[in-house]
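Please keep the sequence and the model in view while reading the points below.

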Amino acid sequence: MLNRKATAEIENWIKTKNKKCLLVQGPRQVGKTYLIEHFAQNHYKEFIEINFKELPSAREIFIGDLSVDKMIMALKFRFPEKKILPKKILIFLDEIQECEEAITSLKFWAIDNRFDVIASSSLLGIDYRRASSYPVGYVDYLKLYGLDFEEFLWAMGISSEMINFIKDSLKSNSIIPSAINSQMMSYYRQYIAIGGMPEVVQKYVDTKDFRAIDKIQRNLLMGYQYDIAHYASVAEKVKAEKCYLSLAKQLLDKENHKFQYKEVENGGRAQKYYSSIEWLIRADIIHLSRLVTDIRFDLDDYAIDDFFRILSENPR
């Protein structure tokens with residue numbers, strides 16, 4: 001199993017007194033479900049997982065009265081083999097954006113506070129379904145992305161001692177020995193080619209076969225395009241996909257120092273495409289990196305809104 005920094009954040013959530021529900025958000029295929037499933041195995045005696053895409057009939061549990069006692073009774077009928085006891089079980093509501101009443105129920109789970117509930121969502125930010133009452137103030141949030149470079153180094157078997165040595169050297173502005181620097185740069189180039197998608201990284205760790213990971217990367221890319229086609233509004237589908245598919249070329253273009261709408265389409269302008277960029281941001285598919293005029297807190301105060309590059313939660 002790949003080690004993730006988010007595991008420590010979930011452990012801190014468990015230790016919180018009078019904790020709220022936890023909502024894990026992030027793009028598709030960054031390891032949300034896998035992380036929570038393995039966490040439950042190590043910390044709970046029982047585990048109930050409801051994936052609303054795989055089990056749309058499970059929405060019936062959240063129809064009508066959303067009292068915790070009623071929902072627990074419905075869960076007992078649905079999962080008769082499970083012992084549903086307070087503080088002994090983790091209830092995991094996966095792909096919760098598919099069930100608006102389940103989103104609303106998070107408020108009542110948090111107020112009751114007998115059961116630990118974690119939800120996950122890939123596309124909650126696009127608001128294509130709106131909960132009847134969003135549980136503002138009753139949810140803690142955890143944003144999960146692909147593996148960062150340090151997590152990639154863990155996957156490659158680099159010891160914490162070596163990583164801490166590099167961190168300390170950078171903090172103290174000390175020279176890193178050339179042999180170590182050369183090896184770390186090699187790992188960084190691998191990371192740039194492989195990306196941070198857990199499935200891709202695991203396949204590379206297991207096989208060291210770039211052809212095998214290329215197949216996975218292409219499948220993941222198709223999955224992102226499917227999400228755009230499936231969830232974007234009719235007005236945004238084609239425009240959002242055009243913007244998304246232009247990113248690789250724009251990032252590799254050494255002549256361009258910022259995202260250019262004319263590279264999306266000949267004569268393209270912000271007026272036509274910026275709403276599509278906003279949709280992709282809310283869907284967690286892309287991230288904007290804006291130019292700042294000064295490195296001070298808060299950076300947003302010094303950002304130039306119309307001068308940015310776009311980074312993708314692309315599999316590579």
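**Strand E4 and the sheet around it**

From E4, Asp116, Ile118 and Ser120 point one way, while Val117, Ala119 and Ser121 point the other way, and all of them are buried. Buried means under 20% relative accessible area, exposed means over 50%, and partly exposed lies in between, with a 1.4 Å probe and protein chains only as cover. The model is predicted, so local features need pLDDT of at least 70 and side-chain atom pairs count only at pLDDT 80 or more, while totals for chains, interfaces and linings use all residues. Residues are numbered from 1 along each chain as its sequence is written, and side-chain values use heavy atoms, with hydrogens and water left out.

**The sheet**

- An open sheet of 5 strands has the order E2-E3-E4-E1-E5, with parallel pairing.
- Its edge strands are E2 (46-51) and E5 (139-143), each of which pairs on one side only.
- From one strand to the next, the twist averages 20°.
- Strands (E, at least two residues) and helices (H or I, at least four) are DSSP runs numbered from the N terminus, and two strands pair if DSSP finds at least two bridges between them.
- In general, strands of a sheet pair through backbone hydrogen bonds, either parallel or antiparallel.

**Strand E1 and its neighbours**

- Strand E1 (residues 21-25) is joined to E5 by 5 bridges, and the two run parallel.
- Within this pairing, Leu22 has Asp140 of E5 as its bridge partner, and Gln25 stands opposite Lys143 in E5.
- E1 is also joined to E4, by 4 bridges and again in parallel.
- Here the bridge partner of Leu23 is Ala119 in E4, and that of Val24 is Ser120 in E4.
- E1 is mostly covered, with 5 of its 5 residues buried.
- Cys21, Leu23 and Gln25 lie on one side of E1 and Leu22 and Val24 on the other, and both faces are covered.

**Strand E4 and strand E3**

- E4 is mostly covered, with 6 of its 6 residues buried.
- E3 and E4 run parallel and are joined by 4 bridges.
- Leu93 stands opposite Ala119 in E4.

**The helices**

- Helix H2 (residues 32-43) lies across E1, E2, strand E3 (89-94) and strand E4 (116-121), and runs at about 170° to E3.
- For such angles, axes are lines fitted to C-alpha atoms, for helices over the stretch in contact, and values run from 0 to 180 degrees between N-to-C directions.
- Asn42 is placed in helix H2, and Asn42 counts as exposed because its relative accessible area is 62%.
- Asn42 and Arg296 are 254 residues apart in sequence and 42 Å apart in space, C-alpha to C-alpha.
- Helix H4 (residues 100-112) has the buried residues Ala102, Ile103, Thr104, Ser105, Leu106, Trp109 and Ala110.
- The buried residues of H4 pack against E1, helix H3 (68-78), E3, E4 and E5, where contact means heavy atoms within 4.5 Å.
- Just after H4, Asn113 takes a positive phi of about 65°.

**Surface**

- Tyr134 lies in the loop between E4 and E5, and Tyr134 counts as partly exposed because its relative accessibility is 36%.
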